[in-house]
Amino acid sequence: MNKLLQSISDKLKHLESIATPDAVNYVEACLKVQNKQLLHRIKSLKESVIQQELLLGLNQQQLHHLPSVKAVSNGSNLNGNSLEIGHLSDKGLVPEAEQPKQRTEVQTDSVKTKNRNTERKMPDGKPQSAEKPVDIGRLDLRVGRIIDVNRHPDADSLYVEKVDLGGNEIRTVVSGLVKYLPIESLQNRVGIFLCNLKPAKMRGVESEAMLMCASSPDTCGVEPLIVEGPDIQLGDSVVVPGYNHDPDDQLNPKKKIFEQVKPDLRVNENGIAMYKNVSWTLKGSSLAVIKSLRVKDAQIA
């Protein structure tokens, strides 16, 4: 805006030095065009603000007039009158002298406090919830059974598994376990699967979950976790006492939730699956034990 006003002022000064009727007409034409462009831009911005406020469920805020700005030349224009740029209105450029005086309203502290504390709402009208803590409760870990397993057609190190997660939910899972486990050991195996990762293609096959394994880089050992205990049901959720189980529908890769939780997912010296030294269990079976038989004191991933 300041650049535009300065540009207009510079043009006026230049035309004053020329002092011809054609120059005056040129200035008037330029001002009318630029005034119309400004009005159109302001109207567009106002409509955009209103739409955003309606989407967010916010009360409409009054848009104040632009302050008047004077751009005075060397003292007078070609007709001997001072040059000024007034307010922009729906009727065009109105000189400041013709502007009605605006009454300034003083906002009280109570109103300011109310505005600051206004609860922002989502487009559906529901309050926007605070960000959940980053812990194991954000992970959708469930019991599943591998009902079919094959070698990946285009990758020698990968298996492609069909996993039954209960409730007629079958997912495809791609695991890099070929060099650690024979294919027969995975058939009908019951394990723990992370089910709310964003699906990802692995050499052309989309993987919809991840088989959780204890992994020890020192011994090159990798072993899928097993579940022991009474009343084990496919689809049952892993819970950890002290942490609210409220998994995301799908983990946002940009927020790296799993990457932040992963360092605290471990099996202890007895092979028991732990999160921050608290053992995993199942929502439907508090006596269930989730563990690794061979790999101990290692990362779970």
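The exercises below look at charged side chains and cysteines in a predicted model.

Because the structure is predicted, local features need pLDDT of at least 70 and side-chain atom pairs count only at pLDDT 80 or more, while totals for chains, interfaces and linings use all residues. Residues are numbered from 1 along each chain as its sequence is written, and side-chain values use heavy atoms, with hydrogens and water left out.

**Exercise 1.** Find where Arg138 sits, decide whether Arg138 is buried or exposed, and list what Arg138 touches.

Step one is the location: Arg138 belongs to the loop between α3 (109-116) and β3 (141-151), where helices (H or I, at least four residues) and strands (E, at least two) are DSSP runs numbered from the N terminus.

Step two is the accessibility: Arg138 counts as buried because its relative accessibility is 4%, given that buried means under 20% relative accessible area, exposed over 50%, and partly exposed in between (1.4 Å probe, protein chains only).

Step three is the surroundings: leaving aside residues up to four places away in sequence, Arg138 touches Glu131, Lys132, Pro133, Asn196, Asp246, Pro247, Asp248, Leu251 and Ile257, a contact being heavy atoms within 4.5 Å.

**Exercise 2.** Work out which salt bridges Glu131 and Asp248 form with Arg138, and describe the network around them.

Begin with the term: a salt bridge is a side-chain nitrogen of Lys or Arg within 4 Å of a carboxyl oxygen of Asp or Glu, and the structure holds 10 of them.

Next, take Glu131, whose salt bridge with Arg138 has its closest N and O atoms 3.4 Å apart; Glu131 itself counts as exposed, at 52% relative accessibility.

Then take Asp248, whose side chain meets that of Arg138 in a salt bridge of 2.6 Å, N to O. Asp248 lies in the loop between β13 (238-239) and α5 (257-261), and Arg138 in the loop between α3 and β3, so this pair ties together parts 110 residues apart in sequence. Asp248 counts as buried, at 15% relative accessibility.

A separate pair gives a further case: Asp297 and Arg266 form a salt bridge with their closest N and O atoms 3.5 Å apart. This pair links distant parts of the chain, 31 residues apart, with Asp297 in the loop between β18 (289-291) and β19 (298-300) and Arg266 in strand β14 (residues 265-267).

Finally, salt bridges that share partners join Glu131, Lys132, Arg138, Asp246, Asp248 and Lys255 into one network.

**Exercise 3.** State how many disulfides the structure holds, and decide whether Cys195 and Cys213 are buried or exposed.

For the count, a disulfide is a pair of cysteine sulfur atoms within 2.5 Å, and the structure holds 0 disulfides.

For the accessibility, Cys195 is buried with a relative accessible area of 4%, and Cys213 is buried with 5%.
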